Amino acid sequence: SVVDLRTRVEEFLRQLIRKSLTLPSKEPTILCVSHGLFLKELHRVLSRFGSSGPMFGQGDVSYPNTGVSQYRIGFGEAEEEIQQAECEVYACGEHLQAKINTSDPIFIA
């Protein structure tokens with residue numbers, strides 16, 4: 001249900017905050033990979049802490065397979081407290097449109 005999904009997203013954020021506070025970097029980069037429905041709900045939850053930027057407040061956006069969203073999340077002094085969130089990229093699929101020249105070598109490290 002929608003309530004279960006929101007609960008899962010909120011629990012994920014609590015765990016994410018707890019874990020990020022143990023990292024040596026003050027501004028860690030964290031990759032979250034999930035399905036579109038979870039990522040849409042994550043966006044809705046984070047929008048409660050966001051400013052009125054162009055990425056929050058959009059209607060229902062089609063989230064493409066391998067779509068990318070990017071957020072900056074500011075934490076409060078209290079553990080598990082989000083003070084602000086900014087969405088810099090939401091449900092972007094531009095990388096799917098890139099043409100790959102198959103004659104160019106591809107290196108995978």
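**Reading the terms in this model**

Analyst: Along the sequence, the protein follows the pattern α-α-β-β, with two helices and two strands. Please keep in mind that this is a predicted model.

User: What makes Ser62 buried or exposed?

Analyst: Ser62 lies in the loop between helix 2 and strand 1, which spans 68–75. Exposed means over 50% relative accessible area, and Ser62, at 63%, is therefore exposed. The C-alpha atoms of Ser62 and Cys92 are separated by 9.5 Å, although these residues are 30 apart along the chain.

User: Why does Glu10 count as partly exposed?

Analyst: Glu10, a residue of helix 1, has a relative accessibility of 24%. Buried means under 20% and exposed means over 50%, with partly exposed in between, so Glu10 at 24% counts as partly exposed. Its C-alpha atom and that of Leu42, 32 residues apart along the chain, are separated by 8.1 Å. Leaving out residues up to four places away in sequence, Glu10 touches Val45 and Arg48.

User: How do you know whether Leu42 is buried or exposed, and which residues does Leu42 touch beyond four places away in sequence?

Analyst: Leu42 lies in helix 2 and has a relative accessible area of 6%. The limit for buried is under 20%, so Leu42, with 6%, is buried. Once neighbours within four places in sequence are set aside, Leu42 is in contact with Val9, Phe12 and Leu13, and contact here means heavy atoms within 4.5 Å. For Leu42 and Val9, which are 33 residues apart along the chain, the C-alpha atoms are separated by 5.9 Å.

User: Which residues of the largest nonpolar core touch the most other members?

Analyst: That core has 17 residues, and Val9, Leu13, Leu42 and Leu46 touch the most other members. Helix 1 (2–20), helix 2 (36–47) and strand 2 (82–92) each supply at least two residues of this core.

User: How many residues line the largest pocket, and which of them lie nearest its centre?

Analyst: The largest pocket is lined by 37 residues, and those nearest its centre are Pro28, Thr29, Ile30, Tyr71 and Ile73. Helix 1, helix 2, strand 1 and strand 2 are the elements that give two or more residues to this lining, and the largest share, eight residues, comes from strand 1. By type, the lining divides into 20 nonpolar, 13 polar and four charged residues. About 1200 Å³ of space lies in the largest pocket.

Definitions and conventions: Residues are numbered from 1 along each chain as its sequence is written. This is a predicted model: local features need pLDDT of at least 70, side-chain atom pairs count only at pLDDT 80 or more; totals for chains, interfaces and linings use all residues. Side-chain values use heavy atoms; hydrogens and water are left out. A nonpolar core is a set of buried Ala, Val, Leu, Ile, Met, Phe, Trp, Tyr and Cys residues joined through side-chain atoms within 4.5 Å. Buried means under 20% relative accessible area, exposed over 50%, partly exposed in between (1.4 Å probe, protein chains only). Helices (H or I, at least four residues) and strands (E, at least two) are DSSP runs, numbered from the N terminus. On a 1 Å grid over the protein atoms alone, a cavity is a set of points where a 1.4 Å probe fits but cannot get out, and a pocket is an open set with protein on both sides within 12 Å along at least five of seven lines; lining residues have an atom within 4 Å of a point. Grid points are joined across faces, edges and corners, and a volume is the space filled by probe spheres set on the points. Ala, Val, Leu, Ile, Met, Phe, Trp, Tyr, Cys and Pro count as nonpolar, Asp, Glu, Lys and Arg as charged, and the others, Gly among them, as polar.
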